[in-house]
Amino acid sequence: MTVTDYNNCVDLHSDGLYRFILKHIRDVDAAKDIVQDTFEKLWRKVNEVDAAKSKSYLFTAGYHTLIDYTRKQKKQGNFSEVNESKLSHEGSYSDVKEVLNKALEKLPEIQKTVLLLRDYEGYDYAEIGEITNLSESQVKVYIFRARQFLKSYIVKLEVII
């Protein structure tokens, strides 16, 4: 196929291909994109496709591009399906650091101490045990309990709002 044959193919078959795609997806912009992608595929194989069979190639490639597009759309969610009122609220957000500090204040003193030494200061379990006169296993238990409390406290929506 020559460049002239390609241009003639675009002139002859672009409208028919567009209508074919548009009937399937009913989205004007997506149909235009699919038609453009189809002609791009034809251009990449312009030396391999016979000019007499270009219409058949175009509609086959267009159909396969359409299938790929619809499969991709099924995987992606549609934003119009989301109810924005359920995802927003009228109140203002608290500072996350403020919420975390409130949660830390609610912890027992030993849990707060070992958690701060581990997560903020970076000490390992043995060093924390030496500092607090606890065994390494006690340190691990206190840290675990403190993290569980913080997790449950921060996850509560009414605390953050």
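The paragraphs below go through the predicted model from its overall fold to its cores, aromatic contacts and salt bridges.

The chain contains nine helices and zero strands. Read from the N terminus, the order of elements is therefore α-α-α-α-α-α-α-α-α. Of the 161 residues, 25% count as buried. The chain exposes about 11700 Å², and carbon and sulfur atoms supply 50% of that area. Contacts between residues at least 6 apart in sequence can be split by separation: 59% of them join residues at least 24 apart.

In soluble globular proteins, nonpolar side chains tend to be buried together. In this model, the largest nonpolar core has 16 residues, and Ile21, Ile25, Phe39 and Leu42 have the most contacts inside it. Helix H1 (3-25), helix H2 (28-44) and helix H3 (54-75) are the elements that give two or more residues to this core. H2 provides the largest share, six residues. Ile25 shows what such a position touches: leaving aside residues up to four places away in sequence, its contacts are Ala30, Ala31, Ile34, Leu66, Tyr69 and Thr70. A second, separate core has 14 residues, including Ala103, Leu107, Leu117 and Tyr153.

Aromatic residues come next. The structure holds four aromatic pairs. One of them joins Phe149 and Tyr153, whose rings are stacked at 5.8 Å centre to centre with 25° between the planes. The pair counts as stacked because that angle is under 30 degrees. Both residues lie in helix H8 (residues 136-155), four residues apart, about one turn of the helix. Their surroundings can be compared by accessibility. Phe149 has 28% relative accessibility and counts as partly exposed, while Tyr153, at 12%, counts as buried. Elsewhere, Tyr6, Phe39 and Trp43 form one aromatic cluster; Phe39 is also among the residues with the most contacts inside the largest core. Another ring, that of Tyr125, has the charged end of Arg118 over it, 4.3 Å from the ring centre.

Gln111, in helix H6 (residues 109-120), is buried with a relative accessible area of 10%. Not counting residues up to four places away in sequence, Gln111 touches Tyr142, Arg145 and Ala146.

The structure also holds five salt bridges. Glu40 counts as partly exposed at 38% relative accessibility, and Arg44 is exposed at 63%.

Which residue forms a salt bridge with Lys112? The partner is Glu105, and the closest N and O atoms are 2.9 Å apart. Lys112 counts as buried because its relative accessibility is 16%, under the 20% limit. Glu105, by contrast, counts as exposed at 57%.

Definitions and conventions: Residues numbered from 1 in each chain as written. Predicted model: local features only at pLDDT ≥ 70, side-chain atom pairs only at ≥ 80, totals over all residues. Heavy atoms only, no water. Buried < 20%, exposed > 50% of the residue type's maximum accessible area, 1.4 Å probe, protein only. Contact = heavy atoms within 4.5 Å. Areas by Shrake-Rupley, 256 points an atom, 1.4 Å probe, with all protein chains shown as cover. Phe/Tyr/Trp six-rings, centres within 6.5 Å; stacked < 30°, edge-to-face > 60°. Lys NZ or Arg CZ within 6 Å of the ring centre and 35° of its normal. Core = buried A, V, L, I, M, F, W, Y, C linked by side-chain atoms within 4.5 Å. Salt bridge = Lys/Arg side-chain N within 4 Å of Asp/Glu carboxyl O.
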